[in-house]
Amino acid sequence: MSALSTNPSPARPMPVVFVGHGSPMNAIEDNPFRREWHALAERLPRPNAVLCISAHWETRGARLTGSGQPTTIHDFFGFPKALFDVEYPAPGDPVLARYVVDLLGGHKHAQVDATRGLDHGAWSVLRMMYLNADVPVVQLGIDTSLPGEHHYELAKKLAPLRDHGVLVLGSGNIVHNLGHWDSRNPHPLEWARRFDASVKRRILAREHIDLTDWPRMGEDARLSVPTPEHYLPLLYILALQRDEDRVSFFNENVSSAISMTSVLVEPGGSPRTSP
């Protein structure tokens, strides 16, 4: 039975969150990032379900995981066996998946994939947020051939989920350039630091349209977002911001050419005025 039908809608809309997920090793290493993921879940209302938009499921058109028990996908290589041994047996929610298809305009616009499991962009974060793997999870794939404005407008259709107690979680990285990544030197590259700060300023100013067209933000953006898949999940979270919401950041860290900066959008109050 779907979490949508078994739990009442919350008195307040659910927050929405963008998480910088970084290396898959964050799933098993004890570090400040994963501790903050756990602390975040402790602070947030417990969701009826999670809809995750992960950088690691690129699709043609919109796709939803439709399995009642999605598998744990180990979509990486060259890591220790302990990481491949991780399983995250959270249930799926086929009813929620079909509801999201309806929100997105029906089967001509979105399809359910009953065979797809959860990739590490989802489970590496969720296994620290919901340790018992007892919150249903559905993933939404992203078509990276389409521009940022398309994803922003698509995400707006997901707005009713917040009133059904569904946590919409974007998982990616604002800055993600593995070609310039230096694991031996965590000092942030200047262009990575500047772009991360520029994105935060625009988020606080609610300059979302500028952020949907990041290539126009110049050379720092070109270097920080060489491919769009890690950046696009951020746009889904920004599109769901409401006028009364407040915005804050956590895990504000730029290491070499990767930014772990994460964004929480939650009801009430006023946004911060500086990053």
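Reader: What should I know about the model and the numbering?

Author: This is a predicted model, where local features need pLDDT of at least 70, side-chain atom pairs count only at pLDDT 80 or more, and totals for chains, interfaces and linings use all residues. Residues are numbered from 1 along each chain as its sequence is written, and side-chain values use heavy atoms, with hydrogens and water left out.

Reader: OK, helices. At what angle do α6 and α10 pack?

Author: About 40°, with the axes 8 Å apart. Helix α6 is residues 148-156 and helix α10 is residues 232-239. Helices (H or I, at least four residues) are DSSP runs, numbered from the N terminus, as are strands (E, at least two). Axes are lines fitted to C-alpha atoms, for helices over the stretch in contact, and angles run from 0 to 180 degrees between N-to-C directions.

Reader: What do you call that arrangement of α6 and α10?

Author: Oblique. Angles under 35 degrees count as roughly parallel, over 145 as roughly antiparallel, 65 to 115 as roughly perpendicular, and the rest as oblique.

Reader: Which residues make the contact?

Author: From α6, G148, H151, Y152, L154, A155 and K156. From α10, L232, L235, Y236, L238 and A239. Contact means heavy atoms within 4.5 Å.

Reader: And by class, how many nonpolar, polar and charged?

Author: The contact has 8 nonpolar, 2 polar and 1 charged residues. Ala, Val, Leu, Ile, Met, Phe, Trp, Tyr, Cys and Pro count as nonpolar, Asp, Glu, Lys and Arg as charged, and the others, Gly among them, as polar.

Reader: Switching topic. How many salt bridges?

Author: The count comes to 18. The rule is a side-chain nitrogen of Lys or Arg within 4 Å of a carboxyl oxygen of Asp or Glu.

Reader: What is the N to O distance for D85 and K81?

Author: 2.9 Å.

Reader: Are those two buried or exposed?

Author: K81 is exposed, at 60% relative accessible area. D85 is partly exposed, at 45%. Buried means under 20% relative accessible area, exposed over 50%, partly exposed in between (1.4 Å probe, protein chains only).

Reader: What does R184 pair with?

Author: D182, with the closest N and O atoms 3.4 Å apart. R184 is exposed at 76%, while D182 is partly exposed at 26%.

Reader: And D210? Which partner?

Author: R202, at 3.9 Å between the closest N and O atoms. D210 is partly exposed at 38%, and R202 is partly exposed at 23%.

Reader: Which residues are linked in a network?

Author: Salt bridges link D196, K200 and E252 in a network.
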